[in-house]
Amino acid sequence: MKRQAEKNRILLVEDEEQLLSLTEALLDERGYQVSTAQTGQSALEALECSTFDLVILDLNLPDRDGLEVLSKFREGNQVPVIIVSARTDGKDRIDAFDRGADDYLTKPFLPKELLARMNVCLRRNPPAKPKKSGEFFKIDDESQRLTLGGTQVELTSREFSLLQALATEPG
Ligand code: CA
């Protein structure tokens, strides 16, 4: 399962202890780098301080509704979000998608299904750029050279164009 050298960073938001630790162990075993949050507030704080490639979000949280947390996420962040919830009501599902969820999985779910859906989301979305990447990453348009942490990297012109496109992508 470890397709990439860089581990995908996952934020797992779940208030039920047992489910949280089981899911965390499952993802850890599959080579993901997992951070956890048990409240909506701590999830928002985690997202503020770090960059994640994917968020798994429970809807019934002790402090605030997961849908409200999702809307907050979306104010300034395009990180993919998979909702995992016991709520089976169609209204909640539609509401979740309207607020920017990428997928919706109903509890109880098969661990394999969660992993498969995570893979789809991660394939669709290129890995998030780490914060402060600007200091580490320098692109010289004229010489078509990339400097990575002080070391020069030779690139083909196609690689360079791709890199340039990625670097100038909004956000
Ligand atoms: Ca819950």
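The legends below describe close-up views of a predicted model of one protein.

**View 1**
The predicted model contains 7 helices and 8 strands. Of its 171 residues, 36% are buried. Sequence distance and contact can be set side by side here: among contacts between residues at least 6 apart in sequence, 57% join residues at least 24 apart. The protein exposes about 10,300 Å², and carbon and sulfur atoms supply 50% of that area.

**View 1. The largest nonpolar core.**
This core has 22 residues. Leu-11, Val-13, Val-55, Leu-57, Phe-73 and Ile-83 are the members with the most contacts inside the core. At least two core residues come from each of the strands β1 (9-13), β3 (54-58) and β4 (81-85), and from each of the helices α2 (40-49) and α3 (66-76). Another core, apart from this one, has 18 residues, including Leu-54, Ile-82, Val-84 and Leu-114.

**View 2. The surroundings of Phe-73.**
Which residues does Phe-73 touch, not counting residues up to four places away in sequence? They are Ala-43, Leu-44, Leu-47, Val-55, Leu-57 and Val-81.

Four residues coordinate the calcium ion: Asp-15 and Glu-16 through OD and OE, Asp-58 through OD, and Asn-60 through O. The distances run from 2.1 to 2.8 Å. Along the chain the donors follow the spacing D-E-x41-D-x1-N. Is Asp-58 buried or exposed? Asp-58 has a relative accessibility of 2%, so it counts as buried. Asn-60 has a relative accessible area of 36% and is therefore partly exposed.

**View 3. The second largest pocket.**
This pocket holds about 150 Å³ of space. Its lining consists of Leu-19, Leu-22, Thr-23, Leu-26, Lys-107, Pro-108, Phe-109 and Pro-111. Helix α1 (residues 17-29) gives the largest share of that lining, 4 residues.

**View 4. A cis peptide bond at Pro-108.**
Most peptide bonds are trans. The bond from Lys-107 to Pro-108 is cis, with omega near -5 degrees. Pro-108 sits in the loop between β5 (103-106) and α5. Both Lys-107 and Pro-108 are in the lining of the second largest pocket.

**View 7**
Rolling a probe the size of a water molecule over the atoms shows where empty space is left. How many cavities of 30 Å³ or more are there? The count is 1. About 70 Å³ of space lies in the largest cavity. Its lining has 13 residues, and Leu-12, Glu-14, Thr-23, Ile-56 and Val-84 lie nearest its centre. Two or more lining residues come from each of β1, α1 and β3. Thr-23 also lines the second largest pocket.

**View 5. Leu-115 in helix α5.**
Leu-115 belongs to helix α5 (residues 111-124). Its relative accessibility is 5%, so Leu-115 counts as buried. Leaving out residues up to four places away in sequence, Leu-115 touches Leu-26, Leu-27, Arg-30 and Tyr-32. Leu-115 and Leu-27 are 88 residues apart in sequence, while their C-alpha atoms are 8.1 Å apart in space.

**View 6. Val-34 in strand β2.**
Val-34 lies in strand β2 (residues 33-37). Buried means under 20% relative accessible area. Val-34 has 18% relative accessibility, so it counts as buried. Its contacts, leaving aside neighbours within four places in sequence, are Ile-10, Leu-12, Glu-24, Leu-27 and Asp-28. For Val-34 and Glu-24, the separation is 10 residues in sequence and 6.6 Å from C-alpha to C-alpha.

**View 7. Asn-8, in the segment before β1.**
Asn-8 is found in the segment before β1. With a relative accessible area of 9%, Asn-8 is buried. What does Asn-8 touch, not counting residues up to four places away in sequence? The residues are Tyr-32, Gln-33, Asp-53 and Leu-122. Tyr-32 is also touched by Leu-115.

Terms used. Residues are numbered from 1 along each chain as its sequence is written. This is a predicted model: local features need pLDDT of at least 70, side-chain atom pairs count only at pLDDT 80 or more; totals for chains, interfaces and linings use all residues. Side-chain values use heavy atoms; hydrogens and water are left out. Buried means under 20% relative accessible area, exposed over 50%, partly exposed in between (1.4 Å probe, protein chains only). Contact means heavy atoms within 4.5 Å. Accessible areas come from the Shrake-Rupley method with a 1.4 Å probe; for residues, only the protein chains shown count as cover. A nonpolar core is a set of buried Ala, Val, Leu, Ile, Met, Phe, Trp, Tyr and Cys residues joined through side-chain atoms within 4.5 Å. Donors are N, O and S atoms within 2.8 Å of the metal (3.2 Å for Na, K and Ca); water is not among the atoms, so sites may look incomplete. On a 1 Å grid over the protein atoms alone, a cavity is a set of points where a 1.4 Å probe fits but cannot get out, and a pocket is an open set with protein on both sides within 12 Å along at least five of seven lines; lining residues have an atom within 4 Å of a point. Grid points are joined across faces, edges and corners, and a volume is the space filled by probe spheres set on the points.
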